[in-house]
Amino acid sequence: MCGIVGHVGQSASVPYLLQGLTNLEYRGYDSAGVALWHNGFVIEKVVGVVAPLTTTPLPLEATLGIGHTRWATHGIANHINAHPHTSVDGRIVLVHNGTIENYKELATEYGLNDLLQSDTDTEVVASVLDRLVTKTASMTDAIQQLMQQLHGSFALVIMDATTPDTLYAVKHRSPLLIGLQDNQHVVVSDASALADSFTEFYVLEDYEYAVITASNALIYDKQGHEVKKQKFIPYQRSIDRSLGVYQHYMQKEIEEQPVVMRRLIKEWQMDEQLQTHIKEAVRIVIIASGTSYHAGLVGKHLLEAMLQKPVDVLLGSEFAYFPPIQVDHSLYLFLSQSGETMDSIRALERLQASNAVTISLTNAEHSTLARLTNYHVYLHAGVEVAVASTKAYTAQIAVLALLANAVSHTMNVQVELANVALAMEDVISRSAVIHDIVRSSMNDQRSSFFIGRGVDYALA
């Protein structure tokens, strides 16, 4: 997932932008860039890692800026396609997460085809907004019109050359949060980007937009009515992001799994109404993607054995386009580490018109899935930086077992999880022996086969 960081305040923007982009590197990207206002736009981009930006001369006096880490979608990874992007008329600079499905049609409609420099949908968005704000003479009116014309997903953070003390933000189907503290505001795609510096955040909902200065953040709905927001404090603030004695984050997160099991034992609570829904359900459908889908396959074995109810496991990408026939008293479980998995969000949108009961199991309390489902169950796994999931995967399986056991009472799951934590520690303590086995038996092999039956098939 691409990363967004924006800052406006009374102190320098550069440190916030660079720190935020560095904290978002773990999400994966192939180019990065920043734009700052200092008597005009100053834009620097790099192909590859963020690090070269930290040695690039940037105006430290600037107090307004935006930054981005991009994973190439429209156009290859190169300097021209990297964000931020400037409108063809030069007034607007913005960063964008998401995909605009009708960008080619918009480019033709607004006569942009012969003027565009990049291959991206984002440059089209910047240029359309430039044309709209020039026509309406109001950025808020232009943003409202832009939202109606864009088809797809977007989180946009915008700078306008005529208002060099203001950031604008708008979102649909792609996360965006506003962080605040004294005379400072940031806009981020993930609270973990700057959770160490900002203690409170607002969450933008779909088709909401914000006008943000150093001292204030005004948020409006699609019709232009001001919206009052509840602040939240991100859980990530209590998580140690440092590597400590570990060589890399994946090693750290593998070895944190026993701690996660014990945290679940300590923190586990079951909503009585949710317990009733599970008890009354005639069918359970697990919807997930990637590693979470494979956790769901293990969960199917656990739930069917413990609840004696049929369980289906579906990929979010398939459900969104080919939903199964809905059966009364079905329960839909959404598994996602981030709570921002786009395929799962679209699947949830297909269900919202019905009376289906929906539950999310995520590692992010204020994520989109957590907010949109009827019930949310928190994984307590902490920030997972490594791309290959470890502790969030095992936490999902443990939480599915806890949910099932709250109704079936077939075992003392807390005791079982305590034993799991001990077994994990035993395996981790043998890492040097395992390393030697792998090195001696697999180092020269071209292929590996993982074979299992039943629940072990799901694991394999």
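1. Of the 460 residues in this chain, 52% count as buried, where buried means under 20% relative accessible area, judged with a 1.4 Å probe and protein chains only. Please keep in mind that this is a predicted model, in which local features need pLDDT of at least 70 and side-chain atom pairs count only at pLDDT 80 or more, while totals for chains, interfaces and linings use all residues. Residues are numbered from 1 along each chain as its sequence is written, and side-chain values use heavy atoms, with hydrogens and water left out.

2. Now for the overall build. The chain has 16 helices and 18 strands; these are DSSP runs numbered from the N terminus, with helices (H or I) of at least four residues and strands (E) of at least two. Its radius of gyration, 23 Å, is close to the 23 Å that the globule rule gives for 460 residues, so the chain is as compact as a globular protein of that length. That radius is taken over C-alpha atoms, and the rule is 2.2 Å times the number of residues to the power 0.38. Along its principal axes, the C-alpha trace spans about 65 × 55 × 45 Å.

3. Let's zoom in on Asn 102. This residue sits in the loop between strand E6 (92-97) and helix H3 (103-109), and it is buried, with a relative accessible area of 10%.

4. Which residues does Asn 102 contact, leaving aside its neighbours within four places in sequence? They are Gln 149, Leu 150 and His 151, contact meaning heavy atoms within 4.5 Å. The Asn 102 side chain also reaches the backbone nitrogen of His 151 at 3.0 Å.

Technical notes:
Buried < 20%, exposed > 50% of the residue type's maximum accessible area, 1.4 Å probe, protein only. Polar contact = N/O pair within 3.5 Å; in protein donor to acceptor, adjacent residues only side chain to side chain.
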